[in-house]
Amino acid sequence: MFRITRQDLYHFCDHPERFGAFHRQRFLAVSEQINRLSSILQVSPGSRAKHLVIEGDTLLGLLSAPELDPGRIERVAALLAEHVRHSSSPHQRHQRTIDQLTRHA
């Protein structure tokens, strides 16, 4: 997602001195952005990060871009977090059951 593979992360953890300049810069940018997002997104947005378009962008699209735009990413993440909060609120339940609704006098 961040243009860094899982294998890159393992390689960086095991041998940071052998990590290329591009991957090192990207890894540091990703790490910083993840720290910021963790305070914005209290719960995982799941597939909404990929599918929910907010102001013309998805969170995944912004995180996958060649150049990260932290301000834009944080704004979309905040709006996504708001959407997740509203959609995960408890649903209103009705007191009558299906059986009661379908009974005929």
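Of the 105 residues of the protein chain, 26% count as buried (buried means under 20% relative accessible area, exposed over 50%, and partly exposed in between, with a 1.4 Å probe and protein chains only). The model is predicted: local features need pLDDT of at least 70, side-chain atom pairs count only at pLDDT 80 or more, and totals for chains, interfaces and linings use all residues. Residues are numbered from 1 along each chain as its sequence is written, and side-chain values use heavy atoms, with hydrogens and water left out.

The protein chain contains six helices and zero strands. Its elements run α-α-α-α-α-α from the N terminus on. Helices (H or I, at least four residues) and strands (E, at least two) are DSSP runs, numbered from the N terminus. The accessible surface of the chain comes to about 7,800 Å². Carbon and sulfur atoms hold 55% of that surface. Accessible areas come from the Shrake-Rupley method with a 1.4 Å probe; for residues, only the protein chains shown count as cover. Among contacts in the chain with a separation of 6 or more, 55% join residues 24 or more positions apart. Contact means heavy atoms within 4.5 Å.

In soluble globular proteins, nonpolar side chains tend to be buried together. Here, the largest nonpolar core has 15 residues. A nonpolar core is a set of buried Ala, Val, Leu, Ile, Met, Phe, Trp, Tyr and Cys residues joined through side-chain atoms within 4.5 Å. Leu-37, Leu-59, Ile-73, Ala-77 and Leu-80 have the most contacts inside this core. Helix 2 (21-40), helix 4 (59-64) and helix 5 (70-87) each supply at least two of its residues. Helix 5 gives the most, with six residues. Beyond its neighbours within four places in sequence, Leu-80 is in contact with Pro-45, Arg-48, Ala-49, Leu-52, Ile-54 and Leu-59.

Helix 2 and helix 5 also meet as a pair. Their axes come within 9 Å and cross at roughly 25 degrees. Axes are lines fitted to C-alpha atoms, for helices over the stretch in contact, and angles run from 0 to 180 degrees between N-to-C directions. The two helices are therefore roughly parallel to each other (angles under 35 degrees count as roughly parallel, over 145 as roughly antiparallel, 65 to 115 as roughly perpendicular and the rest as oblique). Gln-33, Arg-36, Leu-37 and Ile-40 in helix 2 meet residues of helix 5 that include Pro-70, Ile-73 and Glu-74.

Two residues of helix 2 were examined individually. Gln-33 lies in helix 2 and is buried, with a relative accessible area of 2%. Outside the four places on either side in sequence, Gln-33 is in contact with Leu-63, Pro-70, Ile-73 and Glu-74. Ile-34 lies in helix 2 and is partly exposed, at 41% relative accessible area.

The loop between helix 3 (48-51) and helix 4 holds Thr-58. Thr-58 is buried, with a relative accessible area of 17%. Not counting residues up to four places away in sequence, Thr-58 touches Ala-49, Lys-50, His-51, Leu-52, Val-53 and Val-76. The C-alpha atoms of Thr-58 and Val-76 are separated by 7.5 Å. Glu-55 lies in the loop between helix 3 and helix 4. Glu-55 is partly exposed, with a relative accessible area of 45%. Its phi is positive, about 50 degrees, although Glu-55 is not a glycine.
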